[in-house]
Amino acid sequence: MSLFDLHMHSTFSDGVYSPEELALMLKSKSVQKASLTDHDTFSGCDAFRSACDAVGIETVDGIEISTVHRGRTIHILGYRFRKEDQRLNDALDFAQKQREKRSDKIIEKLLKMKIDLHFHNSKATISRPEIAEALVKHGFATSKSDAFEKYLGRKGLAWIDKSMMSSIDAIKHIQRAGGKSVLAHPGIYGNSESLIRELAMEGLDGIEAFSSAHFGSQTNKFLDYSSQFSLMVTGGSDFHGREDIGFLGNYGLPQEFQAKLRLKFYSHD
Ligand SMILES: [Zn+2]
Ligand SMILES: [Zn+2]
């Protein structure tokens, strides 16, 4: 069984393993083709490509962009885009700045409540899970989930709305950079038919029917949608390297779908 695994994360976002370590792990699992799709960055793609080249795994450049559609967080995968495309880079930089601002605003709001988490000297972007950890460490919450409930969640005292790239903009940015856009793990969005229909009308290229997030019957449903809405079919493990250690080599695009994907990936329609 030689799968295409087109969805995984490295230390360039929230994964545990470096692109080089991932390449070796994929080799040991006999994965034939792979894509590194870190959250909102493709900075790891070059390292991943050389490491995969060295062990004979085909690669395609990838990214997983956090977007919003009708108030819901939606993950859009991008493949085979020109990494040097200025508009794509500008859009990702802008999204990154918005995220930084969000953490700053949360920390400011907490400071106004006399909650000082001593983040003054940190330069890197602080994530909400990191703020939750700090709240626990400094005794303002009993656990991370308590921290989210009291402060960081939608009903929490330090809630700041996120402003993210829209799903439609993400699709357009990927396509203008010559790439293909794919709805990641559609099974996690509840009633996804209207979502898929709407995004397909906006030009979405594909859906990730095969995912570690799906049951078998869900996969079949998404295969049906893919023909109904003329979308290409992709698959991936969404491996992060934590409790999902068994996903690598077990989730991805099966052989019988690979030829079709190749055609779609390399077509210019
Ligand atoms: Zn995702
Ligand atoms: Zn992912």
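Two strands are said to pair if DSSP finds at least two bridges between them. Strands themselves are DSSP runs of E with at least two residues, helices are runs of H or I with at least four, and both are numbered from the N terminus.

Good morning. The structure before you is a predicted model, in which local features need pLDDT of at least 70 and side-chain atom pairs count only at pLDDT 80 or more, while totals for chains, interfaces and linings use all residues. Residues are numbered from 1 along each chain as its sequence is written, and chains are lettered from A and ligands numbered from 1 in the order in which they are written.

I begin with the sheet. Six strands form an open sheet with mixed pairing, in the order β6-β4-β5-β7-β8-β9. The edges are taken by β6 (165-166) and β9; each has a single partner strand, so one side of each lacks a neighbour in the sheet. Two helices pack on this sheet. Helix α8 touches β8 and β9, and its direction makes about 160° with that of β8. Helix α9 (residues 258-265) touches β5 (72-79), β7 (180-183) and β9, and its direction makes about 115° with that of β9. Contact here requires C-beta atoms, placed from the backbone, within 7 Å. Axes are lines fitted to C-alpha atoms, for helices over the stretch in contact, and angles run from 0 to 180 degrees between N-to-C directions.

How is β9 placed, buried or exposed? Five of the five residues in β9 (residues 232-236) are buried. A residue is buried if 20 or more other C-beta atoms lie within 10 Å of its own, exposed if 12 or fewer, and partly exposed in between, with C-beta atoms placed from the backbone. In a regular strand the side chains alternate between the two faces of the sheet. Met 232, Thr 234 and Gly 236 are buried on one side of β9, as are Val 233 and Gly 235 on the other. Strand β8 (residues 206-211) pairs with β9 in the parallel sense, over five bridges. Phe 210 has Gly 235 of β9 as its bridge partner.

Just after α2, Gly 56 takes a positive phi of about 80°.

Finally, helix α3 (residues 86-112) has Leu 88, Ala 91, Ile 106, Ile 107 and Leu 110 as its buried residues. Their cover includes α4 (128-137), α5 (144-152), β6 and α6 (167-176). Just after α3, Lys 114 has a positive phi of about 65°. Thank you.
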